[in-house]
Amino acid sequence: MTTEAARSSHPIYFIGAFATGGLLTFMVHLNGELARYGNPLFSSWTAHGTGIIAAVILLLVVHRRRTPRLEKAPDAPWWAYLGGISGAATVILTSTAVNSPLGLSGTLALGLAGQVAFSVAADSWGLFGLPKRRPDRRDIVALGLVVTGAALIILFGRGAA
């Protein structure tokens with residue numbers, strides 16, 4: 001997203017993205033609790049099982065209100081179906097990490113750093129159909145600040161020894 005596009009975006013998108021961060025934190029905590037009382041694989045199975053149930057209910061509610069489209073939607077690329085694999089791995093890995101000395105804040109801080117680093121690389125290489133975009137100074141500075149923030153949380157956070 002360009003700076004101009006970000007400025008002209010509706011605030012609900014920013015609010016939604018911020019709220020998603022809170023939901024992600026809550027989800028990681030709940031999955032970590034399941035892993036603590038079971039194991040990370042149980043946590044992943046439970047999270048995805050309840051997610052299926054919630055998605056089916058939401059689909060039934062939304063499907064009744066929506067008018068059918070006459071034109072056929074284009075087929076998704078094959079790699080778009082791999083999100084479940086990364087989702088399962090994410091639940092298993094975060095469920096393990098959150099129960100380590102990293103805790104919830106350290107796990108999420110490192111996760112955010114990984115997300116930013118991967119997204120800069122994906123933009124740079126044009127992965128998954130993204131238009132190639134060479135990282136500029138702001139991207140590198142933002143990545144550095146996120147990594148520095150993660151290091152501060154982990155090394156000097158409240159739970160640090």
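1. Is Glu33 buried, exposed or partly exposed? Glu33 is partly exposed, with a relative accessible area of 23%; buried means under 20% relative accessible area, exposed over 50%, and partly exposed in between (1.4 Å probe, protein chains only). Glu33 belongs to helix 2 (residues 11-37).

2. On the basis of the model: it is predicted, so local features need pLDDT of at least 70 and side-chain atom pairs count only at pLDDT 80 or more, while totals for chains, interfaces and linings use all residues. Residues are numbered from 1 along each chain as its sequence is written, and side-chain values use heavy atoms, with hydrogens and water left out.

3. On the overall fold: the protein chain has six helices and zero strands, and its pattern along the sequence is α-α-α-α-α-α. Helices (H or I, at least four residues) and strands (E, at least two) are DSSP runs, numbered from the N terminus. Of the 161 residues, 14% count as buried. The chain exposes about 12,500 Å², of which carbon and sulfur atoms supply 71%; accessible areas come from the Shrake-Rupley method with a 1.4 Å probe, and for residues only the protein chains shown count as cover. Among contacts (heavy atoms within 4.5 Å) between residues at least 6 apart in sequence, 62% join residues at least 24 apart.

4. On helix 4 (residues 83-97): this helix has 15 residues and reaches 21 Å from its first C-alpha to its last, close to the 21 Å expected at 1.5 Å a residue. The expected span is 1.5 Å times one less than the number of residues. Val91, Thr94, Ser95 and Ala97 are the buried residues of helix 4. They lie on the same side of helix 4 because they cover an arc of only 160 degrees around the axis, the arc being that of the directions from the helix axis to the C-beta atoms. Ile85 and Leu93, on the other side of helix 4, are exposed.

5. On Asn31: this residue is also placed in helix 2, and it counts as buried at 5% relative accessibility. Leaving aside neighbours within four places in sequence, Asn31 is in contact with Ser43, Ala47, Val91 and Ser95. Val91 and Ser95 are among the buried residues of helix 4.

6. On the surface: Ile53, Ile57, Leu58, Val61 and Val62 form a nonpolar patch with about 450 Å² of accessible area together. Patches are made of residues with over 30% relative accessible area and no salt bridge; like charges are joined within 9 Å, and nonpolar side chains (Val, Leu, Ile, Met, Phe, Trp, Tyr) within 5 Å. Leu58, found in helix 3 (residues 40-65), counts as exposed at 53% relative accessibility.

7. On salt bridges: the term denotes a side-chain nitrogen of Lys or Arg within 4 Å of a carboxyl oxygen of Asp or Glu, and the count comes to five. Asp123 and Arg133 form one of them (3.4 Å, N to O). Asp123 lies in helix 5 (residues 103-125) and Arg133 in the loop between helix 5 and helix 6 (137-156), so the pair ties together parts that are ten residues apart in sequence. Asp123, Arg133 and Asp139 are linked in a network of salt bridges. Asp75 and Lys72 form a salt bridge with their closest N and O atoms 3.0 Å apart, and both residues are exposed.
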